[in-house]
Amino acid sequence: MDRLRSAFNRVMRSERYSRFTLQPAEDGERRGEVNLDAAAEEHGSPSFRPAPVQQNRRLLICLVLSATLLLLLGLIVGCATSRKHQAKPRGCEPKTTSAPPEAQPAEVQPQLDWKDLTKALADQLTKDALEVTLRNLDLNSRSAGSPEDLILGNRIFDTFTELQMNPWTDIHYVELQRPDSKRPNQIEFGSEVFKPSGFLAYSATGRVQGRLVYANYGRQTDLDLVEKITKLEGCVLLIRAGNLSFAEQVENGARRGASAVLIYPDVEEFQQNEDIELYGHVHLGSGDPYTPGFPSFNHTQFAPTQSSGLPKILAQTITAKTAKSLFRQIGGPEAEASSGFKGNLASVTYSLGGAKNISVEVNNQLVSTEIHNIFGVVKGFSDPDRFVVLGAQRDAWGPGYAKATVGTSVLLELAKAFHAMVEKQGFRPRRSIVFASWSAGEYGSIGATEWLEGYMSSIDKKVFTYISLDGMVMGRGSLIASASPLLLSLMESTMKEVEAPLGSGTLYEMMGGAGWEEKVMRPMAMDDPAYPFMAFSGIPSVSFHFITSNAEYYTYYGTLLDNSDHLNYQTNQHTAEITATAARFAGLMALRLVHDHLLSLDVSRYGRVLTRDVSRVYKRVQALLQSGELKDVGPSWLSRARGSFQRAAERISSAVQNTDLTDPEACRILNDRIMKVEHCLLSPYVSPVETPFRHLVFGRGSHTLASIAASADMEELRTQLALATWNLQSCSNTMMGNIWELDNEI
């Protein structure tokens, strides 16, 4: 091209151009351009001068040929360059003006209304389907980390794979405590020696001797009564199971100076064979107690540490038959009839003891165990990064039919139901649904807690609700539940839509209509599988149980009698039907949470709970001020912080009413504020390692409002009152949303 330009210039040497530049084109080729300077033309600059008329015709022909050749070469080079830069080959032909073919509109799935969705879900969750799954998952053994546990986990993984749910496995290496087969645990009392096969995981080990003392359920009030009669320091406490978790019973005994605790099932609560063994754990916490606050991933290097919830005294379960033998020899004064200490063991006087020594030996050993959590997901179409988690443990001490089989069966049937609704019926959930199968639940929700610890920094920003499927069916005739206040309105509306099992009307009508909360709701206990989600991670959580009327727990939990025969007896052979109802109840709550534009979390329901707890603290502080035990501090600051929380909740409710639900961004911003409520109630002033359950209302430790209201240490009370005040105020600020709307004044 340069040679052509030189020839062209020589031909045109009698002409003169004021602006001739070589401009790089978009395709990389330099092209000649003539730029006429406007200023030069304005001033009449002689930049162009015509050639003389008498010019050789030969030169003119050369000029024409050269120009033609230059044009052709330019077209060829331009076409070649254009082809090189196109993703697909395209010809150099001129564009045609013919109209493009008419675009075919994409097939649009009709959006199902709420009535269609609820019917579609109910049609999937049938009694017959649950009956088959319950039968297929019924196992004689499923202990955590066992071959049976791993095989069952693989079956769940394969089911999620068939449903195209992108399954994945979360593997942890945890420390589980089990009896030593070579050195069995034993109890010596007088001339008798007992060697129980049941055990309490995470008990301290060794051998102790002390006076045997009966202390009813081991509650603080029970211990107060016994301590008036005999000293508890160094004694061995005999306690009957119930009312508290094993861990809480052992903790109460340790605080009074006991050296060991023996726990037995009294026939008043456990109407079963007197030879039945009890199994459980005594870790006052959840997760692997040897990696507190952080996950038990393989090859993770941490300094050796232990959970503050591990007991420092021995703990062991015994049978009712063994307890009868101990009562016959215990001696000491007999418990008064009005004390509530007397159970229903035959031929037993329920004496308090304190006169004779007993020896307890515990030889449990730690076993490093690999456990698998299995996950599948139905992804949302608008906010796939936000999800509700439906979870169930699959391990148990024995058959675990009520504890694990029912929940795992419901988990799989719900996964199938939601998959079918998306694939076949055009359902488009806005948010994702994660299905989780946990291992090592019997050891204190280890699998679930390790997962929470592994994603502690981000989990609260993604998970907006946890629905526990564990122990959903324990009997017939009633329903009990524990939940975050944020979920109460959702539970109520769902109860109105789900038909009651084995009867007419809805669950709402079955449980008394407007007074359902008083009959159904219970405080969430520390051994509830949903508890670590709410108290450790600040995720709104719910667990519920269909149960025999007037009962509070299932007597076969923690025994080898938790099998299909006993559950069928409790449900009068209607286990599958009640399980289907429980599945619909859980599924409908999840459906509402992923379907609506706004999250169905009612912030206003926290007002009553906070008012109750703050009022208790207020009265306690006022009483201490009047008595002179506490000075220079007042309860009004905490009350004002509660007022700030209430105003922030009202602001969110107002924003909900004024939000355009067709605006995805506006809904997401508002949902962000709603999702932060539970999490911001976690105290930022305590360590998750030392005090894992950091929730201000539902946690456990000196930072909670309940603990402050009962504190006898004035300096501790003063400090915790200030921290609780700012915890609540900062939560209020977070709920307000915009920084220019905050009110930090207390």
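Tyr-202 is found in the loop between strand E6 (200–201) and strand E7 (206–214). I begin with this residue, and I note at once that the model before you is a predicted one. Tyr-202 has a positive phi of about 75 degrees, although it is not a glycine. For context, most residues other than glycine have a negative phi. Is Tyr-202 buried or exposed? Its relative accessible area is 2%, and buried means under 20%, so Tyr-202 is buried.

Tyr-350 lies in the loop between helix H9 (320–330) and strand E12 (353–362). Its phi is also positive, near 55 degrees, in a residue other than glycine. Tyr-350 is buried, with a relative accessible area of 2%.

Strands E7 and E12 lead us to a sheet. In what order do the strands of this open sheet run? There are seven of them, in the order E5-E4-E12-E7-E8-E9-E11, and the pairing is mixed. At the edges are strand E5 (192–194) and strand E11 (314–317), each of which pairs on one side only. From one strand to the next, the twist averages 30 degrees. Within this sheet, E7 and E12 pair in the antiparallel sense over seven bridges. Val-213 has Gly-353 in E12 as its bridge partner. Helix H9 lies across strand E4 (186–189), E5, E7, strand E8 (236–240), strand E9 (260–264) and E12, and runs at about 145 degrees to E12.

I now turn to another open sheet. It has seven strands with mixed pairing, in the order E3-E13-E15-E14-E16-E18-E17. Which strands form its edges? They are strand E3 (168–178) and strand E17 (477–483), and each pairs on one side only. Here the twist averages 20 degrees from one strand to the next.

Let us consider the end of the sheet that holds E17. Strands E17 and E18 pair in the antiparallel sense over seven bridges, and Ser-482 has Ser-543 of E18 as its bridge partner. Six of the seven residues of E17 are buried, so this strand is largely enclosed by the rest of the structure. Strand E18 (residues 541–548) also pairs with strand E16 (residues 463–468), this time in the parallel sense and over two bridges. In that region, Ile-467 stands opposite Val-542 in E18.

Helix H6 (residues 147–162) lies across E3, strand E13 (365–378) and strand E15 (431–438), and runs at about 10 degrees to E13. Helix H10 (residues 401–425) packs on the sheet and touches E13, strand E14 (383–393) and E15. The direction of H10 makes about 150 degrees with that of E14.

One glycine is also of interest. Gly-503 sits in the loop between helix H13 (488–495) and helix H14 (507–510). With a relative accessibility of 48%, Gly-503 counts as partly exposed. Between Gly-503 and Gly-477 there are 26 residues of separation in sequence and 9.6 Å in space, C-alpha to C-alpha.

I close with a pair of helices. How do H5 and H18 pack? Helix H5 (residues 127–136) and helix H18 (residues 575–595) make an angle of about 110 degrees, with their axes 8 Å apart. The two helices are therefore roughly perpendicular to each other. H5 contributes Lys-127, Leu-130, Glu-131 and Leu-134 to the contact, while H18 contributes Thr-575, Ala-576, Glu-577, Thr-579 and Ala-580. These residues divide into four nonpolar, two polar and three charged.

Key: Residues are numbered from 1 along each chain as its sequence is written. This is a predicted model: local features need pLDDT of at least 70, side-chain atom pairs count only at pLDDT 80 or more; totals for chains, interfaces and linings use all residues. Side-chain values use heavy atoms; hydrogens and water are left out. Axes are lines fitted to C-alpha atoms, for helices over the stretch in contact, and angles run from 0 to 180 degrees between N-to-C directions. Helices (H or I, at least four residues) and strands (E, at least two) are DSSP runs, numbered from the N terminus. Angles under 35 degrees count as roughly parallel, over 145 as roughly antiparallel, 65 to 115 as roughly perpendicular and the rest as oblique. Contact means heavy atoms within 4.5 Å. Ala, Val, Leu, Ile, Met, Phe, Trp, Tyr, Cys and Pro count as nonpolar, Asp, Glu, Lys and Arg as charged, and the others, Gly among them, as polar. Two strands pair if DSSP finds at least two bridges between them. Buried means under 20% relative accessible area, exposed over 50%, partly exposed in between (1.4 Å probe, protein chains only).
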